[in-house]
Structure formats: C-alpha cells, structure tokens
Amino acid sequence: MCVTAVESRPAGVLGTSPGHRPLGTRVMAFVALTKPRIIELLLITTVPVMFLAEQGVPSLRLVLVTCFGGYLSAGGANALNMYIDRDIDALMDRTSQRPLVTGMVSPRECLAFGLALAVFSTLFFGLLVNWLSAALSLGALLFYVVVYTMLLKRRTAQNIVWGGIAGCMPVLIGWSAVKNEVSWAAVILFLVIFFWTPPHYWPLSMKVKDDYARAGVPMLPVVAGNKAVARQIVLYSWVMVAVSLLLTPLGYTGWFYTAVALVSGGWWLWEAHALHARAKAGVTGAKLKEMRLFHWSITYVSLLFVAVAVDPFLR
C-alpha cells in the first residue's frame with residue numbers, strides 16, 4: 001500500500017547520474033546532507049553554555065572552533081541518518097526532496113561523506129579543543145546513528161524521547177570545551193533539552209503523522225490519539241520548566257535567567273495546556289493548531305539559552 005504513494009523508480013535514481021549534475025547544485029546537495037537548519041538549533045545551545053562556563057566572554061577562537069567542530073560532527077550524523085533512512089525518506093512528503101531521494105547524491109557518496117565527517121570532526125575536536133569534547137561529540141554521533149536511527153526510530157513510539165539524548169550533547173560539549181570537565185550546570189541544561197525534545201517534536205509529528213504512518217514509523221501520534229499525545233506533551237513540559245529553574249537555587253544563574261525562565265516557561269505551559277484542551281475536546285485538522293507549540297518551542301529554547309549567556313554579565 002505504501003509503494004503506490006511514490007514514484008515507481010527506486011529512491012535515489014534520476015535520469016542522469018549524480019556525476020553529471022552541475023557542480024554548484026552538487027555542492028548544495030552535500031550541504032543539505034548535513035541538515036543545516038537543525039544544526040542551527042544545536043549551536044544555539046552550545047555557545048551560551050560556553051559563556052556560562054566562562055562566567056563571561058569565552059575565547060573567540062574557542063567558540064568558532066567548537067561551533068565548527070559541532071557542525072562537522074552533527075553533519076556527519078545527519079548524513080549517515082539520511083543514508084540509513086533513504087528508503088522511508090522516499091515515502092514521506094516532507095523528506096521527498098532530500099539528496100538521496102532525488103538522486104543528486106548516491107548512497108555510496110553519502111555513506112563516505114558521513115563517515116569522513118565523523119572521523120574528521122572527532123580528530124578536529126581532540127586536536128583543537130580537547131579530547132573530552134571529542135569523546136562527547138563522537139558519543140552523540142554514534143547515539144543518533146546507531147541507537148536512534150537504527151534501533152529506536154522504526155521500533156518504538158518512544159523513539160524521540162531516548163533518541164533526543166543526542167541532541168542534548170551540545171550542552172555538555174560547550175561546557176567541556178571551556179572547562180575540560182562536565183558540571184552540574186551542564187547536566188541540568190542537558191536535562192532541559194532532554195525534556196524539551198518530545199514536546200517540541202510531537203506537535204510537528206501530529207501535523208505530519210500521515211507521513212510517518214505511510215513510512216511505517218511508529219511516532220507517538222501515529223500509534224496514539226491526539227488527546228494522549230497532548231497529555232504527554234503537558235507532562236514533559238511541566239518537568240522541563242521545573243528543571244530549568246534549578247540553575248538559580250544551585251547558584252549558577254541569577255535574577256535575569258530566572259525571570260526569563262519563568263516568563264517563557266509560563267507561556268510554554270499555557271500553549272501546552274491549550275493544545276491539550278483542544279485535543280481533549282476532539283478538535284482536529286487546522287483548528288487543532290498544534291504547530292503553535294512547535295514554533296513557540298524554538299523561540300523558547302532560544303530565549304532560555306540567550307538568558308544563559310547574558311546572565312553572567314548581570315550578576
């Protein structure tokens with residue numbers, strides 16, 4: 001039944017081989033393999049933590065090197081993710097234009113590219129930052145590729161919960177880049193992102209659940225009703241906001257961070273409960289407005305981590 005929803009040609013096959021595509025288009029295709037828009041979000045959580053660890057302005061060189069190494073590592077993970085998921089990417093509307101599906105990049109090229117980035121980014125971190133950061137970046141890459149993509153994604157509705165651990169690692173990497181160790185402050189922010197990831201991603205999954213169902217991926221909205229998903233979103237949201245407020249009583253942040261965490265977290269909870277109320281009332285389609293929380297989730301994490309960076313200057 002799924003096969004009828006896509007073209008009869010195999011994924012990754014076009015009329016012309018990748019080698020005959022324009023150079024500029026090919027370069028952009030390889031850049032697309034790294035999922036730059038997702039990596040932007042990862043960097044938002046890395047740099048502010050470096051300011052907090054330094055309790056001021058960290059070395060510009062260190063920030064640039066850490067960000068570039070993080071981009072290479074996350075890019076390698078994303079390329080390997082696309083290599084493994086190229087079959088289901090061809091079945092989903094939101095991924096149907098990815099380079100392997102269109103044939104702009106061959107599977108062999110994608111695999112080689114991803115492995116090269118994985119090796120190079122690890123050495124880059126180790127030689128130019130420190131080996132703890134290198135180990136953390138490699139651990140994040142392996143967790144995303146092996147644990148999430150290969151083991152969890154197609155097998156359990158809790159895939160994004162545990163798979164999201166990989167997306168939490170930039171927080172630890174940012175701290176370790178400055179201190180060459182991991183502190184409780186970094187662990188708390190790690191947990192903020194851990195509990196943020198499911199209620200951030202599930203609203204999007206609710207919007208495109210037909211895509212996931214067609215590809216046979218058991219995202220929570222595919223296997224549970226909107227009411228059950230919204231209830232989980234509310235639960236994770238409360239834990240996330242509570243954890244975000246631990247930094248101040250433990251002495252890592254002051255009044256500014258606390259104010260931002262309270263206001264932005266309060267607004268998040270308002271949106272989460274509103275979504276739950278609509279789902280509980282049986283609202284479906286556009287009136288469910290699940291993407292309101294998805295878009296706010298990106299604003300929330302940006303505001304929270306900007307506050308992390310600014311707070312040391314106001315204490």
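Predicted model: local features only at pLDDT ≥ 70, side-chain atom pairs only at ≥ 80, totals over all residues.

Me: How many aromatic pairs does the structure hold?

Reply: There are 12 aromatic pairs in the structure. One of them is Phe194 with Phe195, an edge-to-face pair with 5.1 Å centre to centre and 80° between the planes. Trp255 and Phe256 also make an edge-to-face pair, at 5.7 Å centre to centre and with 85° between the planes.

Me: Back to Phe194 then. Is it buried or exposed?

Reply: Phe194 is buried, since its relative accessibility is 9%. Phe195 comes out at 18%, so it counts as buried too.

Me: Which residues do ring pairs link into a cluster?

Reply: Trp162, Phe194, Phe195, Trp202 and Tyr236 are joined into a cluster by ring pairs.

Me: Switching to helices. What's the angle between helix 10 and helix 13?

Reply: About 155°, and their axes are 9 Å apart. Helix 10 covers residues 184-207, while helix 13 covers residues 226-244.

Me: Why are those two called roughly antiparallel?

Reply: Angles over 145 degrees count as roughly antiparallel, so helix 10 and helix 13 get that label. Helix 10 goes past helix 13 in a left-handed crossing.

Me: Which residues make the contact?

Reply: From helix 10, they include Ile188, Leu191, Phe195, Trp202 and Met206. On the helix 13 side, Val229, Ile233, Tyr236, Met240 and Val243 are among them.

Me: How do the residues of that contact divide up?

Reply: The contact of helix 10 with helix 13 has 16 nonpolar residues, four polar ones and no charged ones.

Me: New topic: Ser176. Where is it found?

Reply: Ser176 sits in helix 9, which spans residues 165-179.

Me: Buried or exposed?

Reply: Ser176 counts as buried, because its relative accessibility is 0%.

Me: So what does Ser176 touch?

Reply: Leaving out residues up to four places away in sequence, Ser176 touches Asn130, Leu132, Ser133, Leu136 and Glu181.

Definitions and conventions. Residues numbered from 1 in each chain as written. Heavy atoms only, no water. Axes fitted to C-alpha atoms, helices over the stretch in contact; angles between N-to-C directions. Helix = DSSP H or I, 4+ residues; strand = E, 2+ residues; numbered from the N terminus. Parallel < 35°, antiparallel > 145°, perpendicular 65-115°, else oblique. Left-handed = near helix turned anticlockwise from the far one by under 90°. Contact = heavy atoms within 4.5 Å. Nonpolar A, V, L, I, M, F, W, Y, C, P; charged D, E, K, R; others polar. Buried < 20%, exposed > 50% of the residue type's maximum accessible area, 1.4 Å probe, protein only. Phe/Tyr/Trp six-rings, centres within 6.5 Å; stacked < 30°, edge-to-face > 60°.
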